[in-house]
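Good morning, everyone, and thank you for making time for this. I would like to walk you through one structure slowly, so please look at it on the screen while I talk.

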Amino acid sequence: MTRAWLLIAVLAVWAAPLQAQDGVPPAPYANVQLADPAQEAKAHALMLTLRCLKCQSQSIADSDAPMAGDMRSLVRERIAAGEDPEAIRAWLVERYGDYVSYAPRVTPLTWPLYVIPLVLLAAVGLVLRRRLRKGDSA
Amino acid sequence: MIAELGLAALWLAAALAALQLIAGALALTQRGAALAGIVRPVAVAQGVLALVSFLALVVLFWQTDLSVELVAKNSHSAKPLLYKLTGTWGNHEGSMLLWAMVMGLSGSLVALIERRLPEPTMLATLAGQAFVSLGFYAFLLASSNPFTRLNPAAIEGAGLNPLLQDPGLAFHPPTLYIGYVGLSVAFSFAIGALVTREVGPAFARAMRPWVLGSWIFLTIGIVAGSYWAYYELGWGGWWFWDPVENASLMPWLAATALLHSVSVLAARNALRAWTVMLGVVAFSMSMVGTFLVRSGILTSVHAFAVDPQRGSFILGLLVLYIGGALLLFGLRASSVSEGERFAATSREGALVFNNVMLSAILGIVLVGTLYPLLAEALGAKVSVGPPYFNPVSAIFAVPMLLVLAVGPLLRWRRDSLSRIRLQLVLPVLLFVGALVWGASDAMGILPALGLALAAMLAVASFLPLKGRKLRQVKLPLWGMVVAHFGVAVALLGMASDAAFTKERLVALREGEVTEVGPWTVKLQRIEPVAGPNWTALRADLAASYAGGKVSELHPAARSFWSPPTETSEAALKTRWNGQLYAVLGEESQGGRWQLRLWWKPFVPMIWYGGLLIALGGLLALWGRVASDLRRFVARDKIAWRRSRQGR
């Protein structure tokens with residue numbers, strides 16, 4: 001019985017790559033680094049801040065999904081062509097919406113994200129001043 | 001039969017929780033004083049029944065009883081025994097039952113061993129604990145019954161997500177839940193103290209071990225979860241600012257702040273209202289986390305709106321408990337005085353600074369986690385991730401870590417920096433030196449700051465021991481030193497991972513060689529292997545560090561057949577100075593195999609540091625509990641002698 005299972009298992013393993021061949025091959029730079037380390041570092045830094053749209057909470061740099069691979073390839077090709085990372089981000093945002101970028105832009109909808117830390121900073125300053133001053137005079 | 005037993009135990013536990021709440025509340029009044037005697041036994045029985053209910057579910061999973069819907073949906077007869085058992089909490093209903101069970105048992109434990117609280121505060125605390133438990137029992141019974149039968153029984157189970165079939169993840173949820181739910185004790189203590197207005201050093205000393213205990217479990221749970229994500233997801237990332245991770249980080253931040261403020265209250269009778277407030281906030285964050293993870297709102301706000309029953313139930317509980325506690329706080333806070341005063345440059349001053357900064361970071365994480373949900377409800381999808389969280393939380397974390405180097409050296413009440421300036425020379429030099437070196441390496445601001453802070457703290461954390469006889473140093477002080485040193489170690493790991501990681505993506509034929517950092521890696525073979533419920537392709541890699549001894553690594557790509565899922569099993573080779581991380585990808589054209597290789601210098605320090613932080617907590621807890629026990633024994637002896645003399 002175990003042997004039969006093992007046989008099926010082994011067959012299944014060898015069948016898997018055959019199935020994979022039916023799919024579209026990954027984009028050229030999905031899993032290939034750029035030759036120039038400086039450019040690759042730039043591309044990698046950008047990839048870490050782009051969201052894989054098919055996954056839950058993963059950047060395209062951390063995902064096995066084919067779409068993430070396509071996006072990695074796109075980022076690497078454009079960086080290699082000398083494009084600015086922020087320009088690539090802007091292009092992707094225009095195409096896929098704000099959801100694709102982990103670095104939220106300041107828009108009428110997102111400004112509180114950047115104002116709240118400032119408010120917190122002010123509150124922190126105020127609390128510390130009040131508490132610590134009051135104590136001093138005691 | 002067992003399912004029915006479990007359900008009956010759950011109903012009984014809920015009934016006892018109701019009794020505990022009513023009796024506890026009535027016992028606080030004059031007419032109900034006679035009820036005081038039953039509150040503790042009821043609390044114990046309630047916890048035991050919750051445990052019985054949970055164990056019944058474990059048995060059902062162990063037997064793979066497919067006539068129970070939950071088992072049929074989440075288990076499979078061909079699964080290894082360990083994962084059958086741990087599958088108990090690998091689903092919504094089971095994990096909520098685990099939550100309720102831990103909550104019930106925490107209440108039992110308080111009822112059994114807590115002796116220091118004044119009796120009225122104790123009664124109010126147990127009533128509060130029962131009040132919260134009751135909500136979660138109601139949630140289980142009304143909308144998440146784990147014991148629902150399936151008629152006819154399923155022929156075979158649907159299986160457990162293979163990502164969860166991992167020893168690391170098997171014990172991650174229970175650890176985290178003990179931490180999460182343990183904070184309910186601090187919450188109930190705060191409620192009890194607000195009801196009776198008894199907030200002082202005695203209250204703080206009673207509360208501290210409970211906070212420490214849950215904080216230790218939370219710390220270990222987060223460390224384990226982070227390491228699990230690191231090796232199981234196969235991309236070498238260890239923290240993603242994912243909402244589920246943030247859900248565990250938020251209670252930890254609040255508990256860390258609470259841990260420090262409760263020490264101030266115990267030692268100096270200061271920060272009274274603030275400590276009570278943090279007790280409320282810490283468990284509130286646990287509940288917010290549970291809501292985020294369990295309501296389905298994270299997958300999509302719309303998914304939540306389509307099937308809102310569970311989500312709205314938890315949301316209702318959240319509003320009831322957090323709102324109620326805050327209301328009580330608002331009504332009573334003015335009558336809880338702030339307590340003793342102190343100068344800015346003092347131990348208390350530094351701890352206030354730490355508390356305020358931790359609270360601000362908590363605020364940032366909360367806003368960043370909830371904002372995308374809010375935006376989605378308003379019809380726009382935005383993502384908030386590392387480019388937001390890292391720099392914004394650093395604004396608060398960096399000053400806090402700087403003060404962390406100084407605070408433990410300061411005296412209570414009033415001190416001056418000039419008294420300790422000689423001690424600070426070395427840490428400051430290390431900080432500046434590392435920062436300059438980091439800046440020259442062009443590694444980015446945050447990694448450079450991280451390295452500099454780590455260098456400074458590594459030394460500064462030991463300074464409180466200076467001039468003391470090491471044998472006479474008390475355990476809690478050792479605990480503080482070890483935990484703060486752990487912060488330095490973890491920071492080193494984080495910064496080093498960000499600054500020095502080397503990546504190599506290649507497609508190799510069998511027999512070909514590649515390099516990553518100082519490593520030479522040869523792909524020897526690809527071979528098929530089979531496990532109990534999966535088959536895999538496994539790579540045999542021979543890796544050598546700087547031309548030294550060859551070690552074997554076996555990254556694999558697994559295919560599970562129930563449910564059909566592909567996972568990649570990373571292979572790790574750990575040296576004292578870092579980790580080699582290897583992942584096998586797909587076959588590409590011409591018999592080449594995709595490999596992802598990383599050399600991550602000092603990356604294990606992240607988790608060693610985390611464990612040191614937990615160990616520090618453990619030492620402190622040990623020291624406190626041991627000295628409490630000694631005191632109780634001494635007191636009992638005196639009482640016993642007196643009673644004998646009286647005769």
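This is a predicted model: local features need pLDDT of at least 70, side-chain atom pairs count only at pLDDT 80 or more; totals for chains, interfaces and linings use all residues.

Let me begin with a question: how many residues lie between β9(B) and β10(B) in the hairpin that they form, and which residue in the turn has a positive phi? There are three residues between β9(B) and β10(B), and the residue in the turn is Gly590(B), whose phi is about 70°.

Residues are numbered from 1 along each chain as its sequence is written, and chains are lettered from A and ligands numbered from 1 in the order in which they are written.

When I say helix or strand, I mean a DSSP run, H or I over at least four residues for helices and E over at least two for strands, numbered from the N terminus. Two strands pair if DSSP finds at least two bridges between them.

Strand β9 of chain B covers residues 578-588 and pairs with β8(B) in the antiparallel sense over five bridges, and a hairpin through two residues joins β8(B) to β9(B). Within that pairing, Thr574(B) stands opposite Gln579(B), and Leu572(B) has Tyr581(B) as its bridge partner. Towards β10(B), residues 592-601, β9(B) is joined by nine bridges, again antiparallel, and there Ala582(B) has Leu597(B) as its bridge partner.

Is β9(B) mostly buried or exposed? Nine of the 11 residues of β9(B) are buried, so the strand is largely enclosed by the rest of the structure; a residue counts as buried if 20 or more other C-beta atoms lie within 10 Å of its own, exposed if 12 or fewer, and partly exposed in between, with C-beta atoms placed from the backbone.

Next, the nonpolar cores, each of which is a set of buried Ala, Val, Leu, Ile, Met, Phe, Trp, Tyr and Cys residues joined through C-beta atoms within 7 Å. The largest has 208 residues, and Ala186(B), Ala254(B) and Leu457(B) touch the most other members. Helix α9 of chain B, residues 201-232, gives the largest share of this core, 18 residues. Another core, of 29 residues, lies apart from it, and Val521(B), Ala536(B), Leu541(B) and Ala557(B) are among its members.

Turning to the two chains, 43 residues of chain B are in contact with 40 residues of chain A, contact meaning that the C-beta atoms of two residues, placed from the backbone, lie within 7 Å. On the side of chain B that touches chain A, the elements that give two or more residues are α14 (347-377), α15 (386-406), β3 (519-530), β4 (534-545) and β9 of chain B, and the largest share, 11 residues, comes from α14(B).

Finally, a few local features of chain B deserve a look. Asn151(B) and Pro152(B) are joined by a cis peptide bond, with omega about -5°, and Pro152(B) sits in the loop between α6 (119-143) and α7 (167-170). Two residues other than glycine have a positive phi: Thr64(B), near 50°, and Arg197(B), about 60°. Thr64(B) lies in the loop between α2 (36-63) and α3 (69-74) and counts as partly exposed because it has 19 C-beta neighbours inside 10 Å. Arg197(B), in the loop between α8 (172-196) and α9, has 11 such neighbours and therefore counts as exposed.
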